[in-house]
Amino acid sequence: MNTYFSKIVHTYKGKWLLAIFSICFLMFFLLIFDRVVITRQFLFQREIQRVNHVGSLLMNFIGDNMLQRDTNDIKMIIRKSMEQPDIALVSVLDTNKIVRYSSREEMIGKPNPYIDSGIDALNTDIYYKTFCITYENNYLGFVQVGYSLAKVRQNLSAAFFRILIIEILLFCAILFFAWRITESLLRPLSEMKDVSNKIAGGDFSIRAKVTSRDGIGELALALNNMARQLGDLSENMNNKINQATQDLKSGNEQLRKKTVELEESNRKLLELDTLKSDFVSLVSHELKTPLTLIIGFAKTLLTLDLTEEQKEKYLNIIEAEGKRLAHLIENYLDITAIEAGTLSLVKGTVAMHDLVRDAADYFKMGPDRRIDNRVSREFALVKGDGERLKRVLINVLENALRYGPQRETVVISAREDTDSVVISVVDKGPGIKKEDQGKIFDKFFRGADAITERTKGSGLGLAIAKGIVKAHGGSMWVESELGKGSTFSFSVPKNG
Amino acid sequence: MGGHSILIIDDDPNIVELLSVNLLASGYDVNAAVDGKDAQAKIMRRPPELIVLDIMMPEMDGWELCKWIRDDPFLKDVKIIMLTAKGTEKDKLIGREILQADEYMTKPFDIDELKKNVERLLHA
């Protein structure tokens, strides 16, 4: 119970109510006290007046009768007085205070036992007062009146209880109102508490109601101000965070793009690397066959007994393979020069028909007779590097022959434009995929299908061809459709 | 003159010529095929005792052909010499089952060495 009480007392409401309670209590206590005291005094005064009134009447009556020694009258007066309400005793005393006449017969003849009541008379049951009986300045005796205070006291009690009850009711009413008032006082505080909680929860737009122009109203204003500031701050921070996030995002985006670019570069580098090592093995392979043949046949010619026909055949093979080696080596040297940009052309006058014929001748040593030279003899002369242009044709033809089916013919034709000559090589091979058509002139590119995997080739031929054509100021391209063959064309400016 | 039968499988006719002329001079019975299909046909008709096989060929890889030969129980006694180029081929070589072929020669090869290997394999 104690802890419960102390808990209440420590609340604002509790303190408030306790204070009001204490004040009310004190006030009421004082009021009651006051009222009671006043009432007592009032009543008391009234009774004293009555006693005095009765006393003075008796004084006169008895005074008269004592003179005349009319005992019966005195007794009658006493009797009559006793009939008055609240009179408890009437005694007539002589000058020696001996009772001569009394409403209480047993007192007659004895000294008066009752002394007058003093100030605290209200606490006694009977109020005694003695009056002097005098006649013409003669002191005849006394009359003592005993006045019963029972009724007064009863009245006082009744009044006291009445007051008490009223005061208690008032007290309760006031407490009730005090309680309601604290409620209404505290309501804005409680509301503000809710608002504060909501603000703490992140809602900066909420505002407390300002219902008065006092301290509580000011508190509400302050709270609202704080909420507003927090809101602004939060918005600021949010904006900054958003901005930072945006920056981060765009930074990230850029990073991502860079990473993608890097990955692409990496991939290309790796690709190139793989192609290079493939190249190295292919180059060595390409060079080895002619070498094998040259050395082999040379040895054969030296060690075996051969027919004249065989001898001639083998010597021709040696020559052709030697030339092939030369071509291959020239190719490799050229690609290096093209890459380094140091390719220097040996310019002369080139007759296109002869050029094509010589290029075709290069292949005549093989079993295929599939090159159809449709460039007429009268065809235009071109200023260019004959040897290299021949190599361009040889490279293109090599491709066409290598990848084309065995029985089809490769057709070479030319046409003359205003400023340039365009040579076209048409084959009926497997054609080139659309996605590869752009890459086919790339160094090392060899396509990625079954055919290229099995054939020999370094992937340089077309790259070199294009490089040489470009060095002349011309261009090179391919038209092809899968399954329908390809047409490789290049243009050479007529006047270099 | 009858003798051991050798089949040369290479798409380059010059190589075929080179090998044929030399092996014939050594007294062998020499046949040639220019690609895998041709080779298979000829092997089925008359299984040779020794095959000289080039790895790089159009349409049928030398390895494939080798495996085909090895898988056939009737051809288990056929000797195989494989011609390869140096470089990654050799690496592939090590990766594969080395028991496929009986001998490996890298280009450019010495014709005499080839003859010696043939000799050794057929008279072992």
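Start by selecting B:Asp110 and A:Lys299: their side chains meet in a salt bridge, 3.4 Å from N to O. A salt bridge here is a side-chain nitrogen of Lys or Arg within 4 Å of a carboxyl oxygen of Asp or Glu. Between chain B and chain A the count is three salt bridges.

Before you go on, note that this is a predicted model, where local features need pLDDT of at least 70, side-chain atom pairs count only at pLDDT 80 or more, and totals for chains, interfaces and linings use all residues. Residues are numbered from 1 along each chain as its sequence is written, chains are lettered from A in the order in which they are written, and side-chain values use heavy atoms, leaving out hydrogens and water.

Next, colour the side of chain B that touches chain A. Helices α1 (13–25) and α5 (111–122) of chain B each supply at least two residues to that side (helices are DSSP runs of H or I, at least four residues, numbered from the N terminus). The most comes from α1(B), with seven residues.

Now show both partners together. The contact (heavy atoms within 4.5 Å) takes 27 residues from chain B and 22 residues from chain A.

Finally, move to A:His353, in helix α7 (residues 352–364) of chain A. Is A:His353 buried or exposed? A:His353 counts as buried because its relative accessibility is 12%; buried means under 20% relative accessible area, exposed over 50%, and partly exposed in between (1.4 Å probe, protein chains only). Select its neighbours too: leaving out residues up to four places away in sequence, A:His353 touches A:Asn373, A:Val375, A:Ser376 and A:Arg377.
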